[in-house]
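Reader: Could you help me see how the labels used for a protein model follow from their definitions? I would like to ask about them one by one.

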Amino acid sequence: MSKDNSTAAPKDAAAVILLRRNTDPRDPEVFLVRRSEKLAFLGGFSAFPGGQLDTSDAGVQVSNSTDAEAAAAISCAARELFEELGVLVARGAESLTKGQRVSLLDDLESGRMSWPELLRHYNLSLDACDFTFVGRWLTPPFSARRFDTWFFLVNCPQKQEPSVTPGELSSGEWIAAGRAHEQWQRSEILAVPPTLHALNTIADGLTPDLVERFLAIPHAHREPVRRIEFRPNYICFPVRTPTKPPATHTNCYLIYNSREILVIDPGSPYGEEQQALAAAVDDLVRAGRSVREIILTHMHPDHVGGVNSLREHLGGRVKVAAHRFTAEPLSDTVRVDRLIEDGDVIELMGSPRIALQAMHTPGHARGHLCFYEAETGTLISGDNIVGLGSVLIDPPEGNMRDYLESLRRMRTLPNLRVIFGGHGPAIANPYTKLDEYISHRLERERKILEAVGDGAKTAEDIVARVYTDVTPKAHTMAERAVLAHLEKLEADGQVFYEQEGWRAR
Ligand SMILES: [Zn+2]
């Protein structure tokens, strides 16, 4: 369980859209990087270099800037660009040799000099004229890590060639903005809305109204994006729900093509959120599509709370589909019209071809379904894998043995390229994530078995010994998880229960 607090204020950050020198103004090239798969936040995504504001950033003088906040953001942008790509955008840097820049970078990385000290020491200065402001974007509230990111357009200085310093980034390349956008359209890369907006805007050419076009949407002025299309045809639409912290939202997915729309997990019980979702569905319908079905991954309230309202909004005609073990517990609240079995294929009419294969993956809930789209390697994972927080296995609905089996089955899917979870951002490193999930559970199991071997007899005893990283407030939930592990170990023949408590075999 994470200590992240999603209600905390977004942290200031800056990103640099680096333009290639002498680029063709009709088909300009930008430097696009790939974030390391190991990163917890947006690992594996294509993005622009950048990062969080450092306390030292504000200590730098920026000429031609009258606003202290903007100056600090420029300082952060310049520092991140230097640290991540070795490109130094500072007045005076043109007289440095490549070797000198490398040694400067080493001074900074090793901590021998702070960023302001380094600039002063080498007589370098930052100028706001080198950093064109093209928008400020807020991370949507579905993430525990939220940023208020300043975007700057920067011309790559003469004689400097960006190169990725391995670590936070795994690679980078000069690419025509239009081509990068096509890669996204072909589902070859994953990107967040500000990146896609930048690629789109630049692809239309370096025209005199370029900055105006960048700033023409409210999202470039800190209005959070609601429809997040990490992948074309898959809209992630987070809705506020009474869910388990650190999550505050549940992802509803709108999967669409030219003719049909599937709505997965409209989970919010709140009127305002239901209206926002209905408006997004209406937008898709107005373009000539129809809603084929509302599909439920599982029965938890934060995934089904908005079903009735959406059905009503759509005139009551739309059908709801789910697994039998989801339909049964919901029978008093949500009418399920069609049952989905493992292996069923839901294929949308129209183009592009989208065929979702249903997988019955119990563990978090008995009737849990995942949906796999083989062509683009997309997995809708519900609450089996989430982009935020941890997955609770709470018996008897939850079953650890089933859960591990489901994770292993998901791990065998070929060509898996993205996981869209029930909470948090998309997961661009699916196999790494699945391995993490499996090994995390096995590690917990090993510790629990060890604790039982050492004489811990109740779930409470075990939590006190094993869940040392969890706040006492979360102990009740941890006890449920321990019980799930004990049930699995019992089924595996490794522990048994006697009147006074659990014992190892
Ligand atoms: Zn759930």
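Reader: What makes Val320 in E15 the bridge partner of Ile294?
Author: The two residues face each other across a pair of strands: in E15, Val320 is the bridge partner of Ile294. Strand E14 (residues 290–295) and strand E15 (residues 320–322) run parallel and are joined by 2 bridges. Two strands pair if DSSP finds at least two bridges between them, so E14 and E15, with 2 bridges, count as a pair. Strands (E, at least two residues) and helices (H or I, at least four) are DSSP runs, numbered from the N terminus.

Reader: What is the model I am looking at, and how are its residues numbered?
Author: This is a predicted model: local features need pLDDT of at least 70, side-chain atom pairs count only at pLDDT 80 or more, and totals for chains, interfaces and linings use all residues. Numbering starts from 1 along each chain as its sequence is written.

Reader: Which residues have pLDDT under 50?
Author: That applies to residues 1–6, where pLDDT stays under 50; pLDDT is the predictor's confidence in each residue, from 0 to 100. Where pLDDT is low, the predicted coordinates should not be read in detail. The protein chain averages a pLDDT of 94, and 98% of the residues score at least 70.

Reader: Why is Phe133 called buried?
Author: A residue is buried if 20 or more other C-beta atoms lie within 10 Å of its own, exposed if 12 or fewer, and partly exposed in between, with C-beta atoms placed from the backbone. Phe133 has 20 C-beta neighbours inside 10 Å, so it counts as buried. Phe133 lies in strand E7. Beyond four places in sequence, Phe133 is in contact with Trp150 and Phe152; contact asks for C-beta atoms, placed from the backbone, within 7 Å.

Reader: What about Glu109, and how do you know its class?
Author: Glu109, in helix H2 (residues 98–109), has 13 C-beta neighbours inside 10 Å and therefore counts as partly exposed.

Reader: What makes strand E7 largely enclosed?
Author: In strand E7 (residues 132–138), 5 of the 7 residues are buried, so the rest of the structure largely encloses it. E7 pairs with strand E8 (residues 147–155) in the antiparallel sense over 5 bridges, with Thr132 opposite Leu153 in E8.

Reader: How do you know that the buried residues of H4 are on the same side?
Author: In helix H4 (residues 177–185), the buried residues are Ala177, Ala180, His181 and Trp184. They cover an arc of only 100° around the axis, which puts them on the same side of H4; the arc is that of the directions from the helix axis to the C-beta atoms. Their cover includes strand E2 (29–35), strand E9 (169–176) and helix H5 (193–203). E2 itself is mostly covered, with 6 of its 7 residues buried, and 7 bridges join E2 to E9 in antiparallel fashion.

Reader: Where else are the buried residues of a helix on the same side, and why?
Author: Helix H13 (residues 459–466) has Ala459, Ile462, Val463 and Val466 buried. Their arc around the axis is only 100°, so they are on the same side of H13. They pack against helix H12 (430–453) and helix H14 (475–491).

Definitions and conventions:
Two residues are in contact if their C-beta atoms, placed from the backbone, lie within 7 Å.
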